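I'm opening my notebook and jotting down what I look up, one item at a time.

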Amino acid sequence: MEAFYGILIPFLGTSLGAACVFFMKKTLSDRVQRSLTGFAAGVMVAASIWSLLIPAIEQSSGMGAWAFVPAAVGFWIGVLFLLALDHLIPHLHANSDHAEGPSSRLQRTTMMVLAVTLHNIPEGMAVGVVYAGFLSGGAQITAAGALALSLGIAIQNFPEGAIISLPLRAEGKGKGRAFLGGVLSGVVEPIGAVLTILAAQLIVPALPYLLSFAAGAMLYVVVEELIPEMSQGTHSNIGTVFFAIGFTVMMILDVALG
């Protein structure tokens, strides 16, 4: 049951963020979006290190000086997997021009939904693989450590839900439909988590590779999507400050609870 609740926590974060549409009238300002994007990037970088890469290396400690191999191989597979998806699915940064007109705004929002949904795939896998490590009992992952990752991703999912629902509302969608759009962008997370848990339980020796795969995928998202978004416009240092805050919060959660 701990694993069941744990994989639902990030989805709850997305849903709560999408619920902002019921009590906020306007879209988030550029400065607020940069702050939230920077915070999300910091959370994901810290989670990749403490919750994924370090446990992957520790679980491979029996390989001695070669303990880094599963982490390095899995990491690169994760990066290449997201690189392939990047060519298959349109990304937000590729459509970030601010052309006027309802059709261009609708296209931008559609790209945003696809981008956020794509981000949620590695996040769901990360949660799933950490809970798979906890369930296996041999991956040096505690229930508290897995919970820390779930909470950290839920925190950064909150602004993602809002960033989806508020623009949909601004384009004339009803509050219910805008909320549903934000919620649906996070559905891939629990699905990806469950599938990853099932796969890892079947192939326990592959767990270090799966942990580092999720880390590589998450860091690709940070570098390719989140950092460019948080650095746009003037006063871009606010994104950097919130990156540091997000990194610190996730590090504290993981170390204190793990």
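This is a predicted model: local features need pLDDT of at least 70, side-chain atom pairs count only at pLDDT 80 or more; totals for chains, interfaces and linings use all residues.

Which residues form a nonpolar patch on the surface? I looked the patch up and found Met1, Phe4, Tyr5 and Leu8, with about 450 Å² of accessible area together. I then checked one of them, Met1, which sits in the segment before α1. Met1 counts as exposed because its relative accessibility is 66%, and the cut-off for exposed is over 50%.

Next entry: aromatic rings. I noted that a pair of rings is described by the distance of the centres and the angle of the planes. My count came to 6 aromatic pairs. I picked Phe22 and Phe179, whose ring centres are 5.4 Å apart. Their planes meet at 50 degrees, so I wrote the pair down as tilted. This pair links distant parts of the chain, with the two residues 157 apart. I found Phe22 in the loop between α1 (2–18) and α2 (30–59), and Phe179 in helix α6 (residues 175–184). Phe22 is partly exposed at 43% relative accessible area, and Phe179 is partly exposed too, at 26%.

Last entry: Glu189. I located it in helix α7 (residues 188–202). Is Glu189 buried or exposed? Glu189 has 1% relative accessibility, so I put it down as buried. What does its side chain reach? I found a polar contact of 2.9 Å between the side chains of Glu189 and Asn157. Leaving aside neighbours within four places in sequence, I also listed contacts of Glu189 including Pro10, Phe11, Asn120 and Ile153.

Methods:
Residues are numbered from 1 along each chain as its sequence is written. Side-chain values use heavy atoms; hydrogens and water are left out. Rings of Phe, Tyr and Trp (its six-membered ring) pair if their centres lie within 6.5 Å; planes under 30 degrees apart count as stacked, over 60 as edge-to-face and the rest as tilted. Helices (H or I, at least four residues) and strands (E, at least two) are DSSP runs, numbered from the N terminus. Buried means under 20% relative accessible area, exposed over 50%, partly exposed in between (1.4 Å probe, protein chains only). A polar contact is a pair of N or O atoms within 3.5 Å; within protein, one must be able to donate a hydrogen and the other to accept it, and residues adjacent in sequence count only if both atoms are side-chain atoms. Contact means heavy atoms within 4.5 Å. Patches are made of residues with over 30% relative accessible area and no salt bridge: like charges are joined within 9 Å, nonpolar side chains (Val, Leu, Ile, Met, Phe, Trp, Tyr) within 5 Å. Accessible areas come from the Shrake-Rupley method with a 1.4 Å probe; for residues, only the protein chains shown count as cover. A salt bridge is a side-chain nitrogen of Lys or Arg within 4 Å of a carboxyl oxygen of Asp or Glu.
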